[in-house]
Amino acid sequence: MSLIWPVQIPPLKDELLSSWLVRASLAHGCDPMSLTSAVWPTWRAWTVDIDRTLDETRLQSLCGSSGLSIDELRNMTLFHHLDGKILLIGKKSSSLPWVIAMGSRNRQHKMGVPYCPGCLRMDEPYFRWQWRLAWHTYCPLHHHELIECCPSCNMPVQYHRVSAQTPHIGICFHCGYDLSSAVSARVEAMQTDFQKLASNVFWHRGSRLGRQADIIPRLVFIGQTFTQSHPTRGIQRTKGTLAFRGFYPGHWN
Ligand SMILES: [Zn+2]
Ligand SMILES: [Zn+2]
């Protein structure tokens, strides 16, 4: 049985499970791997994409250590947010379409968690679950593009690799750059349209979509329409980002 943490760390609004775990680690003066090894001694939590889902047994262990309820913990997983919307209800969480894959190998990730420097500058820095969605390329609050790498060393953002001495989660694990200081490009009006429309498809019409396949042609149509109608630099950049993230397999014309 694992020990109960002396410090209780409440999840912040829209926070990812991984972000909360890392903040909890730093609050206890240890690195993320030490914390998760204490909770799950036989599981190397950071070798997988922990934000996707946690099974009941692992949730129970984390519940016992953290003092949070099972529901509070489950609410930080991507599966919780996406089930019944872009997933079929009851479908397994092993494949989450439209979620940026981290490309995990051991504890190293090929892809970083995208972030908005403006959001990291607000109160305590943390990472939001919406930033993991493939079609989210800008922050609607600050109207700036999300950034995927550290501007100083160009490494993907992998906050689960920070050391115990790191002052907060918004510090690059590799070079120590404060990611909240990054400057991101302001989005153009047309660039925001795709994200708004894609969000509308998923969040407001998702419940009556009968099959996953229904969503794909709709989004492809939206994407093609925008890239044809608005061949601006912003749209081209969005298109490139989405293709890079595996959102669309490549051939928008
Ligand atoms: Zn923001
Ligand atoms: Zn860096």
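Visitor: Where is the place of Leu197?
Guide: Leu197 is in helix α7, and helices (H or I, at least four residues) and strands (E, at least two) are DSSP runs, numbered from the N terminus. Residues are numbered from 1 along each chain as its sequence is written, while chains are lettered from A and ligands numbered from 1 in the order in which they are written.

Visitor: Okay, and why does Leu197 count as partly exposed?
Guide: Leu197 counts as partly exposed because it has 18 C-beta neighbours inside 10 Å. A residue is buried if 20 or more other C-beta atoms lie within 10 Å of its own, exposed if 12 or fewer, and partly exposed in between, with C-beta atoms placed from the backbone.

Visitor: Let's zoom out: how many helices and strands are in the chain?
Guide: The chain has nine helices and four strands, and along the sequence they follow the pattern α-α-α-α-α-β-β-α-β-β-α-α-α. Of the 253 residues in the chain, 37% are buried.

Visitor: Which residues touch the most other members of the largest nonpolar core?
Guide: Those are Tyr115, Phe127, Leu146, Tyr159 and Leu179, in a core of 51 residues. Such a core is a set of buried Ala, Val, Leu, Ile, Met, Phe, Trp, Tyr and Cys residues joined through C-beta atoms within 7 Å. At least two residues of this core come from each of α1, α2, α5 (78–82), α6 (117–120), β3 (138–139) and α7 (189–204), and α1 supplies the largest share, six residues.

Visitor: And what does Tyr115 touch?
Guide: Leaving out residues up to four places away in sequence, Tyr115 touches Leu120, Phe127, Trp131, Leu146, Ile147, Val157 and Leu179.

Visitor: Back to α1, is that helix mostly covered or mostly open?
Guide: Helix α1, residues 17–27, is mostly covered, with ten of its eleven residues buried, among them Trp20, Leu21 and Arg23. The elements that cover these buried residues include α2 (32–39) and α3 (56–66). After α1 comes Gly29, whose phi is positive, near 70°.

Visitor: How do α1 and α2 sit relative to each other, roughly parallel or roughly perpendicular?
Guide: Their axes come within 8 Å and cross at roughly 100°, where axes are lines fitted to C-alpha atoms, for helices over the stretch in contact, and angles run from 0 to 180 degrees between N-to-C directions. The two helices α1 and α2 are therefore roughly perpendicular, since angles under 35 degrees count as roughly parallel, over 145 as roughly antiparallel, 65 to 115 as roughly perpendicular and the rest as oblique.

Visitor: Which residues of α1 and α2 meet there?
Guide: From α1, Leu21, Val22, Ala24 and Ser25 meet Pro32, Leu35 and Thr36 of α2. The residues of this contact are five nonpolar, two polar and no charged, where Ala, Val, Leu, Ile, Met, Phe, Trp, Tyr, Cys and Pro count as nonpolar, Asp, Glu, Lys and Arg as charged, and the others, Gly among them, as polar.

Visitor: New topic: what is the phi of His143?
Guide: His143 has a phi near 55°, a positive value in a residue other than glycine, and His143 lies in the loop between β3 and β4 (144–145). Most residues other than glycine have a negative phi. Asn154 also is not a glycine and has a positive phi, about 70°, and Asn154 is placed in the loop between β4 and α7. Asn154 is exposed, because it has 11 other C-beta atoms within 10 Å.

Visitor: Last one: where does the pLDDT stay under 50?
Guide: One such stretch is residues 229–234, for which the model has nine contacts beyond four places in sequence, and the pLDDT is also below 50 over residues 247–253. The average pLDDT of the chain is 80, and 70% of the residues score at least 70. Where pLDDT is low, the predicted coordinates should not be read in detail.

Notes. Predicted model: local features only at pLDDT ≥ 70, side-chain atom pairs only at ≥ 80, totals over all residues. Contact = placed C-beta atoms within 7 Å. pLDDT = per-residue confidence, 0-100.
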